[in-house]
Amino acid sequence: MKAAAIIPAYNEAPTVAKVIRAAQAAPSISEVIVADGESVDGTPDIARAEGARVVSVAGGKGEGMAAGVAATDADVIVFLDADLTGLRPDHVERLVRSVTEDGAGMALGLFDRGRWLNPIFLHLLPRLTGERALRRELFTSLSPKDCRGYRVEAALNSRAAELGERVEAYVLDGMFHRTKEEKHGNPVLGFAKKVAMLSVAVWEYLAYQLRRRVRLSGRGG
Ligand SMILES: Nc1nc2c(ncn2[C@@H]2O[C@H](COP(=O)(O)OP(=O)(O)O)[C@@H](O)[C@H]2O)c(=O)[nH]1
Ligand SMILES: [Mg+2]
């Protein structure tokens, strides 16, 4: 089974090279694609210099992910954010093998937030991580609307639940990302962007629950 890593990136020059290297060093990965959202900080040049294939696409994160999937014939995709810190090849391998060898429909890799917060993010909160391996059909079963911007992760979780796919989730030890506050150098702007992104994700969750209830009541269930 062929596996590709797809790395959506918008202005991630400080971190993208290390993410690419971790993916390239994972034995299961045969192709690394950076889905660049027309970055202006040299991200695509860095990616090409590291030996990644670059596809450029306007639009948000989900549109980038879709363009990345369209650019490969891999059976299994692992999505990795371009702003990760502490990502290792064995992290990538764990996600991919969970799908290729252990039969999971989707495998999620969560940030390492420390021993008190990890169980909360693993078991109690919606797992909206950007690090996830899945069979390409799960992704291509989404509609273009589901792929808009930051909606895509909640949509993938909903779709997997709808199809009854087994979903595994792991905390990837030592992995985190550059926060929006760090990227924007401005805590207020960074926080505002985070709230905007989370609102989209929460809305997608609620809309899914609502659609499900309407469907169930339509079936008399
Ligand atoms: N192609 C593309 N990637 C994007 C876009 N916006 C964000 N990303 C990438 O998607 C990943 C996750 O975005 P990020 O802003 O870090 O979200 P967060 O980690 O959930 O706070 C990062 O690698 C971003 O560079 C976009 O408009 N286009
Ligand atoms: Mg991030």
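A salt bridge is a side-chain nitrogen of Lys or Arg within 4 Å of a carboxyl oxygen of Asp or Glu.

## Basis of the model

This is a predicted model, in which local features need pLDDT of at least 70 and side-chain atom pairs count only at pLDDT 80 or more, while totals for chains, interfaces and linings use all residues. Residues are numbered from 1 along each chain as its sequence is written, chains are lettered from A and ligands numbered from 1 in the order in which they are written, and side-chain values use heavy atoms, with hydrogens and water left out.

## Two domains

The protein splits into domain 1 (3-177) and domain 2 (179-221). These bounds come from an automatic or database domain assignment. Taken over C-alpha atoms, the two centres are 18 Å apart.

## The interface

Contact here means heavy atoms within 4.5 Å. By that rule, 15 residues of domain 1 touch 11 residues of domain 2. The buried area is about 1,200 Å², and carbon and sulfur atoms give 60% of it. Buried area is the accessible area (1.4 Å probe) that two parts lose on being put together, summed over both. In domain 1, Y150, R151 and S158 lose the most area to domain 2, together 39% of what that side buries.

Two salt bridges are counted between the domains. E12 pairs with K183 in a salt bridge, with the closest N and O atoms 2.9 Å apart. Helix 7 (152-162) and strand 9 (176-177) are the elements that give two or more residues to the domain 1 side. Helix 7 gives the most, with six residues. Helices (H or I, at least four residues) and strands (E, at least two) are DSSP runs, numbered from the N terminus.

## Ligand 1

Ligand 1 is surrounded by 18 residues, each with a heavy atom within 4 Å of the molecule. The closest are P8, E12, A82, D83 and K180. A polar side-chain atom of K180 lies 2.5 Å from a ligand oxygen atom. Backbone atoms take part as well: a polar one of Y10 is 2.8 Å from an oxygen atom of ligand 1, and a polar one of G59 is 3.0 Å from an oxygen atom of ligand 1.

## Salt bridges overall

The structure holds 16 salt bridges. R21 and E50 form one of them, their closest N and O atoms being 2.8 Å apart. R21 lies in helix 1 (residues 16-24) and E50 in the loop between helix 2 (43-49) and strand 3 (53-56), so this pair ties together parts that are 29 residues apart in sequence.

Conventions. Polar contact = N/O pair within 3.5 Å; in protein donor to acceptor, adjacent residues only side chain to side chain.
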